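Student: Could you take a close look at the salt bridges for me, and go through some of the pairs together with how accessible their residues are?

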Amino acid sequence: MTSLPPQGAPPGADTLPKLIAHHARTRPTRPAMRHKRRGIWRTWTWAGQATDVAAIARVLAEAGVATDAVVATLGDNRPELYHAMLAAQCLGATALPIPATADADRLAAVLAGHVPAVVVAETEEQADTVQRVARRAEPVVLRLAAPGASASSIPTLEERAARFRDTPADWFAAKAAATRADAVAVVLHSAGIQGKPRPVPLSHADLLSAASTGAAALALTPEDLALAFLPMDSVLDQGMLVVPALVAGHCVACAESPATIATDLHDLAPTVIVAPPRAFELIDRRIRRHLPVDRPLVRIASALGAAGRRLLLSAPLLNALGLRRLRVAVSVGDALGPGCAVRLRALGVPLRQGYGLAEAAGLVALERDEGGTMQPLPGVSVTTVDGQLRVRRDDGRWIDTGDAASLTPDGGMTLLGRRDARLAVGGHPLDPAAVEADLRGHDAIDRAFVQGDGSGRLAALLVLDPDTVGRWAHRQGIALAGGMTTGPVRDLAARLVEATNAALHSRHGADAIARFDIATGRIDAALTPTGRLRRHLLARAVPRGREA
């Protein structure tokens with residue numbers, strides 16, 4: 001296949017529906033979205049997507065949706081939910097994606113704050129919850145069809161849309177042409193690291209400006225394929241993946257479920273992955289789990305040098321993991337462990353760290369070398385005030401990011417972590433997220449949280465990986481009747497903390513972690529939907545613990 005050049009938004013396509021109409025007209029048979037259900041991949045072409053969006057738009061219009069209304073979606077990444085968002089935007093309404101992880105209280109708060117006219121839920125259970133908690137208004141509630149599901153009083157989106165499948169293409173084109181670039185297209189939510197997630201309304205112009213810049217920086221083309229598996233209300237999904245794909249005209253595949261991402265990766269072999277560090281750390285962990293350094297093949301490949309590693313290790317591994325075609329890999333969020341980055345790059349994963357935020361509608365900076373220095377994207381200005389990074393896109397308003405950063409003389413920037421979370425250890429300022437990344441670099445440590453212990457050093461709360469610890473205990477002949485808090489397991493954790501301290505000492509000249517404890521349960525409630533730590537929820541969870 002002939003390689004296609006990077007694409008930008010075509011002239012006049014200044015809203016998301018206009019982009020859909022453009023692609024349906026200029027590349028009608030190329031794939032736009034894919035999704036696997038019950039092991040079978042289904043593909044929507046650009047023309048097919050436009051047909052579905054038009055049909056859903058007529059369903060929404062019949063339900064009273066018009067300009068300035070709000071249409072909410074609730075669920076995991078599903079083409080039908082993305083189409084419902086585009087259909088709402090086609091009518092001049094605002095899309096409000098809500099992640100499947102939202103509990104009843106969070107759902108009630110979001111619905112009360114925005115009062116949607118229609119809510120499209122992925123499952124019947126979610127639809128029932130919406131009807132129960134939507135107190136300020138009584139939205140029309142629809143659900144997605146589920147094969148084999150029992151009869152329900154809640155109508156499905158597919159049933160309603162079936163009546164409008166013959167909607168003329170001219171109807172959709174006319175509706176798309178009437179949309180305005182300054183209209184609010186979507187309400188995303190901030191990560192909520194230090195409190196409740198904040199709603200962030202973004203216009204079509206906001207999204208397309210950021211996506212056009214990001215697509216150009218990543219050199220996206222219509223041949224690319226991205227995997228969508230992050231919460232639909234996050235800037236990682238909308239601003240850094242889905243809308244850039246619309247700009248470039250390439251396909252987005254939706255993961256079958258959060259539990260099948262590894263299988264979906266293998267099936268699809270995407271060319272683009274934009275994800276938080278956690279996703280790349282899990283890939284790195286899978287590699288190390290299957291290729292311990294003491295295996296003969298690893299020793300032979302290492303002895304043969306770079307060519308041997310590429311032939312015997314890199315190519316088979318990347319193929320097995322579904323990374324063989326990967327050419328864009330961007331880690332966005334907290335610090336990525338340096339060991340993880342080095343190992344993945346050595347295998348041929350083109351990993352770069354990026355920086356973005358919801359208020360800026362997408363990616364604003366990309367790592368320009370392997371030293372961690374980032375370069376703001378074209379049209380992005382950065383400055384610091386009292387050590388806090390401020391960002392501005394084009395000539396818009398300055399955004400206070402809450403992140404600490406230092407600027408280089410040649411216009412680059414180095415991130416130093418959350419400004420309000422930085423600690424002084426041994427006389428040196430330290431980003432706790434970087435220490436946590438070091439701890440997670442050990443296979444046996446699944447999660448880590450550190451904070452000051454009041455003496456100028458750190459206390460750590462560790463969440464151990466039960467599978468890794470279980471295999472270690474089996475090799476050692478140790479029974480884990482006492483779970484993760486038995487003496488031998490605590491001794492193992494102490495050795496890992498000691499190794500982390502040694503690495504910190506080499507970089508900062510001081511041991512950082514004075515004591516640690518092992519969490520006896522999961523800390524999912526203290527994680528954002530993209531896996532970042534909500535530090536304010538864990539601050540009281542770190543006891544004095546055992547001295548390191």
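Tutor: Asp182 counts as exposed, because its relative accessible area of 55% lies over the 50% cut-off. Keep in mind that the model is predicted. The partner of Asp182 is Arg180, and their side chains meet in a salt bridge with 2.9 Å from N to O. Arg180 is partly exposed, at a relative accessible area of 44%.

Let's move on to another pair, Asp410 and Arg368, whose closest N and O atoms are 2.8 Å apart in a salt bridge. This pair links distant parts of the chain, 42 residues apart. Asp410 sits in the loop between strand 18 (399-407) and strand 19 (413-418), while Arg368 belongs to the loop between strand 14 (362-367) and strand 15 (374-376). With 51% relative accessibility, Asp410 counts as exposed, whereas Arg368, with 35%, counts as partly exposed.

Now for a buried residue: Lys36 has a relative accessible area of 5%, so it falls under the 20% limit for that class. Lys36 forms a salt bridge with Glu256, where the closest N and O atoms are 3.8 Å apart. Here, too, distant parts of the chain are linked: Lys36 is in strand 1 (residues 31-37), and Glu256 is in the loop between strand 10 (251-254) and helix 10 (261-268), 220 residues apart. Through shared partners, salt bridges join Lys36, Glu256, Asp264 and Asp267 into one network.

As for the total, the count comes to 20 salt bridges, among them the pairs Arg180 with Asp182, Asp410 with Arg368 and Lys36 with Glu256.

How values were computed:
Residues are numbered from 1 along each chain as its sequence is written. This is a predicted model: local features need pLDDT of at least 70, side-chain atom pairs count only at pLDDT 80 or more; totals for chains, interfaces and linings use all residues. Side-chain values use heavy atoms; hydrogens and water are left out. A salt bridge is a side-chain nitrogen of Lys or Arg within 4 Å of a carboxyl oxygen of Asp or Glu. Helices (H or I, at least four residues) and strands (E, at least two) are DSSP runs, numbered from the N terminus. Buried means under 20% relative accessible area, exposed over 50%, partly exposed in between (1.4 Å probe, protein chains only).
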